[in-house]
Amino acid sequence: MNHHARLSVAPMMDWTDRHCRYFHRLISGRALLYTEMVTAPALVRGGALHLLDHAPEEQPVALQLGGSDPRELAQAARLGAAAGYREINLNCGCPSDRVQSGTFGAVLMKHPGIVIDCVKAMQDATDAEITVKCRIGVDDQDPEYVLPEFLARLGAIQCSRVIVHARKAWLQGLSPKENREIPPLEYDLVRRMTALFPNMQLSINGGIASLDAVAGFLEDGFDGVMVGRAAYHQPWDILGEADARIWGDEGARRTPEDIARAMLPYIEAHIAGGGRLHQVTRHMMGLFAGRPGARRWRQVLSERGPRDGAGPEVVEAALAELAQAQAA
């Protein structure tokens with residue numbers, strides 16, 4: 001998993017569902033993918049095991065859990081490992097009000113002892129790799145002190161892979177969206193952690209918007225780079241050349257059009273199982289971002305995709321409109 005974690009796509013609520021992950025996997029065979037955050041109570045108390053559903057074709061894929069009760073997280077990690085996930089990630093970075101109210105996410109940066117108890121319980125419960133995604137600190141914490149102390153405590157219990165979002169989170173006064181944009185990025189601080197903790201696998205996250213930037217961070221000594229919204233909104237730009245540039249795997253050269261057509265059998269199977277076209281195609285809107293015809297591609301999918309009875313022919317129509325725009 002460390003090998004695949006050289007480039008990963010961040011867990012994003014309402015976005016990185018199983019349809020999105022299947023689509024991203026067609027673009028890159030190497031990048032590590034993550035589920036949306038799944039709360040341990042939903043699995044353990046709510047029995048919502050459908051939240052663990054994924055296709056074998058999505059692998060390598062990691063499960064992100066939210067929670068703060070060691071026993072619940074241990075049981076949720078067992079369920080995740082039984083479902084086929086080889087990595088279970090603990091969310092210590094999400095700043096949303098809903099997550100805070102459950103003492104999940106970024107608020108755990110204030111309670112490192114709870115984090116250690118949770119990680120140890122998860123490690124004892126399963127052979128899957130247990131990792132952590134965190135912030136550099138929250139509220140009035142001093143990241144220069146908080147982050148190295150947090151990493152040192154994780155390293156002491158052999159939690160050796162950590163993804164660091166290089167921003168503080170403000171738990172009061174900023175929305176989750178603002179917490180992704182307003183607190184300044186402190187890449188240099190996180191970069192110093194790679195020297196302080198040479199035996200840890202550290203990935204950097206936050207504000208990374210191009211494959212060139214990914215390559216630059218890897219050259220700087222990071223073990224991995226996690227990309228969020230850019231990978232969703234411009235998937236081809238981030239993932240299309242990733243296998244060749246990051247892993248040296250040239251493979252079969254494919255185009256975004258090839259990827260769109262490769263999704264058609266998946267779409268047909270999804271609809272045959274009672275699903276709707278838009279549940280899949282909403283994740284494909286950015287496939288041609290920045291290319292001639294991209295606007296028309298999005299229009300066709302967004303206007304026709306949600307209609308009753310819509311099927312693969314809508315994707316074919318969108319491709320035809322794209323080709324026409326490119327030829328003009």
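This is a predicted model: local features need pLDDT of at least 70, side-chain atom pairs count only at pLDDT 80 or more; totals for chains, interfaces and linings use all residues.
User: Thanks. Is C118 buried or exposed?
Analyst: C118 is buried, at a relative accessible area of 0%. The classes are buried under 20% relative accessible area, exposed over 50% and partly exposed in between, using a 1.4 Å probe on protein chains only.

User: On to the strands: how many residues of β5 are buried?
Analyst: Six of the seven in β5 (residues 129–135), so the strand is largely enclosed by the rest of the structure. Strands are DSSP runs of E with at least two residues, helices are runs of H or I with at least four, and numbering starts at the N terminus.

User: Which way does β4 run against β5?
Analyst: Parallel, with six bridges joining β4 (residues 87–92) to β5. Strands pair if DSSP finds at least two bridges between them. C92 has C134 in β5 as its bridge partner.

User: And what does C134 stand opposite in β6?
Analyst: V164. β5 and β6 (residues 161–165) also pair in the parallel sense, over four bridges.

User: What do β5, α6 and β6 make together?
Analyst: A right-handed β-α-β unit, with α6 covering residues 143–156. Right-handed means that, with the strands pointing away from the viewer, the path from the first strand over the helix to the second runs clockwise.

User: Changing topic, how many aromatic pairs are there?
Analyst: Five. Rings of Phe, Tyr and Trp (its six-membered ring) pair if their centres lie within 6.5 Å, with planes under 30 degrees apart called stacked, over 60 edge-to-face and the rest tilted. W15 and Y232 are stacked because their ring centres are 4.4 Å apart and their planes are at 15°.

User: Where do those two residues sit?
Analyst: W15 lies in the loop between β1 and α1 and Y232 in helix α10 (residues 229–233), so the pair ties together parts 217 residues apart in sequence. Y232 is buried, at 8% relative accessibility.

User: How are F288 and W297 arranged?
Analyst: Edge-to-face, 4.8 Å centre to centre with 75° between the planes. Both F288 and W297 are buried.

User: Back to C94, what does UniProt list it for?
Analyst: The unreviewed entry lists C94 for "active site". UniProt positions follow the numbering used here, feature names are shortened, and annotations may be inferred rather than shown by experiment. C94 is in the loop between β4 and α4.

User: Which residues does UniProt list for "binding site"?
Analyst: The unreviewed entry's list includes M13 and G207. M13 is partly exposed, at 36% relative accessible area, and lies in the loop between β1 and α1. G207 is exposed, at 56%, in the loop between β7 and α9.

How values were computed. Residues are numbered from 1 along each chain as its sequence is written. Side-chain values use heavy atoms; hydrogens and water are left out.
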